[in-house]
Amino acid sequence: SIATGLAFGVENCGKMATVVGSLEEQALKRKERLKAIRNKQFQGREPEDGEPESKRALEEAEEEKHRELKLRNYTPEDEELRQRQVPKAKPASVEEKVKEQLEAANPEPVIEEVDLANLAPRKPDWDLKRDVAKKLEKLEKRTQRAIAELIRERLKGSEEQLAAAVGAVREGEGDSD
């Protein structure tokens, strides 16, 4: 059993070594591809006369660092970093879209005619008039009844006078016959 365990361990070590070796190979291939991409990007740049190769490599590495840096909300004090600051974005104009939507909806006017009484300011005694209105209605009914009763009494009185006058006229006509 110990011998089988050792054999199993040796077998796994061999597999691990091959896995690690293939990972290292893949990492080296990736590094080479990245170098090739960087060289393509920097080929357009002309080297200055008398500039050492190591200095250019350092500048390229420095540019690579700064390329990743984008300053949107921070205003740096360093002049080099200020140049790398992203300009403030202007919001997109939505006025045209809003106008189109309003035209499409075409809301109907809520109030077609304006009532001037509602626009004028209320008089200072409007609340008193409101409170007294019910009492005035009751008094108006009583007044109408009283007027009607007075008219009836006058008509009855005038009917009696009329009847008396008609009776007197008839008596006068009967005497003359």
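Trainee: Where does UniProt place the feature "coiled-coil region"?

Mentor: The record, an unreviewed entry, puts the feature "coiled-coil region" at residues 129–156. The model here is predicted. In it, residues 129–156 are 100% helix and 0% strand, with 39 Å between the end C-alpha atoms.

Trainee: Why is the contact of Arg 130 with Asp 131 called a salt bridge?

Mentor: The cut-off is a side-chain nitrogen of Lys or Arg within 4 Å of a carboxyl oxygen of Asp or Glu. The closest N and O atoms of Arg 130 and Asp 131 are 3.3 Å apart, so the pair meets the rule.

Trainee: What makes Asp 131 partly exposed?

Mentor: Buried means under 20% relative accessible area and exposed means over 50%. Asp 131 has 46%, so the residue falls in between.

Trainee: How many salt bridges does the rule give?

Mentor: The count is two. One of them joins the side chains of Arg 82 and Glu 79, at 3.4 Å from N to O. These residues are three apart in helix α3 (residues 79–83), which means that about one helical turn separates them. Arg 82 is partly exposed, at 40% relative accessibility.

Trainee: How do you know that α4 lies largely in the open?

Mentor: Of its 11 residues, the number buried is zero, so α4 lies largely in the open. Val 98 is in this helix, residues 95–105, and is partly exposed at 40%. Just after α4, Asn 106 has a positive phi of about 45 degrees.

Trainee: Which residues make the nonpolar surface patch?

Mentor: Val 94, Val 98 and Leu 102 make the patch, of about 260 Å². Patch residues need over 30% relative accessible area; Val 98, at 40%, clears that cut-off.

Terms used. Residues numbered from 1 in each chain as written. Predicted model: local features only at pLDDT ≥ 70, side-chain atom pairs only at ≥ 80, totals over all residues. Heavy atoms only, no water. Patch = residues over 30% accessible without salt bridge, like charges linked within 9 Å, V, L, I, M, F, W, Y side chains within 5 Å. Areas by Shrake-Rupley, 256 points an atom, 1.4 Å probe, with all protein chains shown as cover. Helix = DSSP H or I, 4+ residues; strand = E, 2+ residues; numbered from the N terminus. Buried < 20%, exposed > 50% of the residue type's maximum accessible area, 1.4 Å probe, protein only. UniProt positions renumbered as here; feature names shortened; annotations may be inferred.
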